[in-house]
There are 2 protein chains.
Amino acid sequence: MSDKIRKKTTREIYLANSERTPPQIMSNLILWLHNVRSMHNVGSAFRTADAFGVRSVLLSGYTPHPPRPEIAKTALGADESVPWSHAYDPGEHLARLRDDGYLIAGMEQTHHSRLLPDYRPGSDTSLCLLFGNEVTGIEPQWLDRCDLLLEIPQYGKKHSFNISVSIGITLYHFLACRLP
Amino acid sequence: MSDKIRKKTTREIYLANSERTPPQIMSNLILWLHNVRSMHNVGSAFRTADAFGVRSVLLSGYTPHPPRPEIAKTALGADESVPWSHAYDPGEHLARLRDDGYLIAGMEQTHHSRLLPDYRPGSDTSLCLLFGNEVTGIEPQWLDRCDLLLEIPQYGKKHSFNISVSIGITLYHFLACRLP
């Protein structure tokens, strides 16, 4: 490469971000974290949701919610820029999502899951991605109420990704599959 | 969904992973972390590298390297299943990568970077992905020696992803773009 490579400044990155329009699907995409334990993971979810321009973040059960300094630290302030809503009872979110015509996609490794790369919804799909606890995943009663289940293909000797990494990969998939 | 959804057990996940073959590009893909500070991030990089079946992980500068309990904890043991190599001087890795015909792709937001979704190399490409420090990124002298620079498109009010999330997104991109 040339020896005149210039990194973008924070302001230049912000301006470039503002000039881009994410594919339409992202503005109808909702990220839902139920019974996620770690504030670090919640903060990271906000940061990634901001970067990819998702519509909102839903939190339920014992998932910690803003304002908390531990969330804000990892979110780098994205907990103030991304709309969010918390309900102890996931049924509240579910009812509203159903009313709004959302498909609920549970992110879980099950015998009924489709591989993420094979699922490429149309750009006008309203999709909510449900992530469960870091260790135990989505509880059976909520798994059962999902419209579809998705898993990220893996090839390794270990059995799962970190939830923050899974969220990044999944959101990128929906972004990339609708880019021109 | 049906009320008979059954999650995969750890053993079933492992068996499914073993039966899948990752696209050829993954077996020629190397992940390189230079001057990455956090053991949590190094551990997460190993875990993601294992899941996506990359060839090896290179560590350089002050990037912590195995064996360290803090790395093993986040890696869930992937630091023992993924081949890795550490050198204080990045030039050592660079010389070997050049000898082996590797392209070096620096992951950095610069005025010369291509957007990740637009870069779809052939399946026989030997590619090394270089990630720099969590805050300051890749130092100018190493940026300058990359063959290409890539950045993940962003649309938000904040200016970057967490490095663990970036690694997951980037590896998924190369996997997904070579899947049938």
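Q: How many bridges join S4(B) to S6(B)?
A: In this predicted model, S4(B) and S6(B) run parallel. Within this pairing, the bridge partner of Ala105(B) in S6(B) is Leu129(B). The number of bridges joining the two strands is 4.

Q: How many of the 5 residues of S4(B) are buried?
A: A residue counts as buried if 20 or more other C-beta atoms lie within 10 Å of its own. By that count S4(B) is largely enclosed by the rest of the structure. The number of its residues that are buried is 4.

Q: In what order do the 7 strands of the open sheet of chain B lie?
A: The pairing in this sheet is parallel. Its edge strands are strand S3 (84-87) and strand S5 (114-115) of chain B, each of which pairs on one side only. The order is S3-S2-S1-S6-S4-S7-S5.

Q: Which residue in S3(B) is the bridge partner of Ser60(B)?
A: Strand S2 (residues 56-60) of chain B runs parallel to S3(B). The two strands are joined by 4 bridges. For Ser60(B), the bridge partner in S3(B) is Ala87(B).

Q: At about what angle does helix H5 (residues 90-99) of chain B run to S2(B)?
A: This helix lies across several strands of chain B, including strand S1 (29-34), strand S4 (103-107) and strand S6 (127-131). S2 and S3 of chain B are also among the strands it lies across. Relative to S2(B), helix H5 of chain B runs at about 145°.

Q: At about what angle does helix H7 (residues 163-177) of chain B run to S6(B)?
A: Helix H7 of chain B lies across S1, S4 and S6 of chain B. Its angle to S6(B) is about 165°.

Q: Why are the two copies related as by a two-fold rotation axis?
A: Two copies of a chain are related by a rotation about an axis and a shift along it. Here chain A can be laid on chain B with an RMSD of 0.0 Å, and the shift along the axis is 0.0 Å. The relation is thus that of a two-fold rotation axis, because the turn is 180°.

Q: What percentage of the contact residues of chain A recur in chain B?
A: The contact takes 51 residues from chain A and 51 residues from chain B. The same surface serves both copies. The share of contact residues of chain A that recur in chain B is 100%.

Q: Which helix supplies the largest share of the side of chain A that touches chain B?
A: Helix H1 (10-19), helix H3 (39-51), helix H5 (78-81) and helix H8 (163-177) of chain A each supply at least two residues of that side. By type, the residues of this side divide into 21 nonpolar, 19 polar and 11 charged. The largest share, 7 residues, comes from H8(A).

Q: What is omega for the peptide bond from Pro66(B) to Pro67(B)?
A: Most residues other than glycine have a negative phi, and most peptide bonds are trans. The bond from Pro66(B) to Pro67(B) is cis, and Pro67(B) is found in the loop between S2 and helix H4 (69-75) of chain B. In chain A, a cis peptide bond joins Pro66(A) and Pro67(A), with omega about -5°. For the bond in chain B, omega is near -5°.

Q: What is the phi of Asn35(A)?
A: Asn35(A) is placed in the loop between strand S1 (29-34) and H3 of chain A. With 19 C-beta neighbours inside 10 Å, Asn35(A) counts as partly exposed. Although Asn35(A) is not a glycine, its phi is positive, about 55°.

Q: Is Gln141(B) buried or exposed?
A: Gln141(B) is in helix H6 (residues 140-143) of chain B. Gln141(B) has 10 C-beta neighbours inside 10 Å, so it counts as exposed.

Q: What is the mean pLDDT of chain A?
A: The model scores ipTM 0.95 and pTM 0.96. In chain A, 98% of the residues reach a pLDDT of 70 or more. The mean pLDDT of chain A is 93.

Terms used:
Residues are numbered from 1 along each chain as its sequence is written. Chains are lettered from A and ligands numbered from 1 in the order in which they are written. This is a predicted model: local features need pLDDT of at least 70, side-chain atom pairs count only at pLDDT 80 or more; totals for chains, interfaces and linings use all residues. Two residues are in contact if their C-beta atoms, placed from the backbone, lie within 7 Å. Ala, Val, Leu, Ile, Met, Phe, Trp, Tyr, Cys and Pro count as nonpolar, Asp, Glu, Lys and Arg as charged, and the others, Gly among them, as polar. Two strands pair if DSSP finds at least two bridges between them. Axes are lines fitted to C-alpha atoms, for helices over the stretch in contact, and angles run from 0 to 180 degrees between N-to-C directions. Copies are superposed by least squares on the C-alpha atoms of residues with pLDDT of at least 70 in both. A residue is buried if 20 or more other C-beta atoms lie within 10 Å of its own, exposed if 12 or fewer, and partly exposed in between; C-beta atoms are placed from the backbone. pLDDT is the predictor's confidence in each residue, from 0 to 100.
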